[in-house]
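Colleague: I am new to this model and would like a close look at a single part of it. Please keep the answer plain.

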Amino acid sequence: LELKKIAQMNSQLDSMQQTLDQIPGARMDDWKLAEVEYLLRLANQRVSLQHELSGAWALFDAANKILAALDDPGLLKVREKIAEEMLALGQEAQLDRQGIYTQIQALKSQVHQQIQPPASFTQVQMNNESEEAVTLLQQLRSLVHIRYEEDAFDAPLNVQQYQILEHSLLLMLEQSQWALLKADQALYQSSLDNAIGWINQKLRHQQAQALSEQLVQLKNIDVQLHIPE
């Protein structure tokens, strides 16, 4: 009697399994394919709506691993397409936005010191007139950066003007950081251009010129986000 009941239960289970297999999406492979479709849709939203390329790449990678586990030759074309998308996303995600952001942040912390003129001359022992002339030239170079321009320099700044200049430069650099995160190339370049212009027009010593040159290097970086289709 018990064996008969067990046989009936097994028959019922087989019948139920056949019924489940006939329901779309009920088989294990179908569930995995549905998960893949969800991951691909989510990755596409990350790219098109959030512009989050690294996160989209990870979602594509997860979908590709599920397809690899299915080991279905019919899905090879899909995996090839996913590989193309991952390659395109990887190439566009190579720009180190966080690294550029931290570079600008470091410059912001140095603005106060960099825009101030040197407080003293370099002390060098002088043995003869020739060395004295060379030393004097070195001291002058530490204070003044000679440039040939048609427009005259602004008058030397007083303490209050230095404070205004520092505050303005910090605002310009903060604006460039915001533009960097938003991938706004025009605003990014214009913000740094303004900062460079203010430094070049109002300051004349070498350390300020060094700050200007660093900003020029940052300005030449293409921060625009080129989103693949």
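What pLDDT does the protein average? After that, please describe helix α3 (residues 53-70).

Modeller: The model is predicted, so local features need pLDDT of at least 70 and side-chain atom pairs count only at pLDDT 80 or more, while totals for chains, interfaces and linings use all residues. Residues are numbered from 1 along each chain as its sequence is written, and side-chain values use heavy atoms, with hydrogens and water left out. The protein averages a pLDDT (the predictor's confidence in each residue, from 0 to 100) of 78, and 69% of the residues score at least 70.

Helices here are DSSP runs of H or I with at least four residues, numbered from the N terminus. Helix α3 has 18 residues and reaches 26 Å from its first C-alpha to its last. That is close to the expected 26 Å, which is 1.5 Å times one less than the number of residues.

Buried means under 20% relative accessible area with a 1.4 Å probe, protein chains only. The buried residues of α3 include Leu-53, Ala-56, Leu-59, Phe-60, Ala-63, Ile-66, Leu-67 and Leu-70. Gly-55, Asp-61 and Asn-64 are buried as well. An α-helix has 3.6 residues a turn, so residues three or four places apart point the same way.

After α3 comes Asp-71, whose phi is positive, near 55°.

For comparison, among the elements of the protein helix α6 (residues 129-143) has the lowest mean pLDDT, 60, and helix α8 (residues 185-202) the highest, 92.

How values were computed
Helices (H or I, at least four residues) and strands (E, at least two) are DSSP runs, numbered from the N terminus. Buried means under 20% relative accessible area, exposed over 50%, partly exposed in between (1.4 Å probe, protein chains only).
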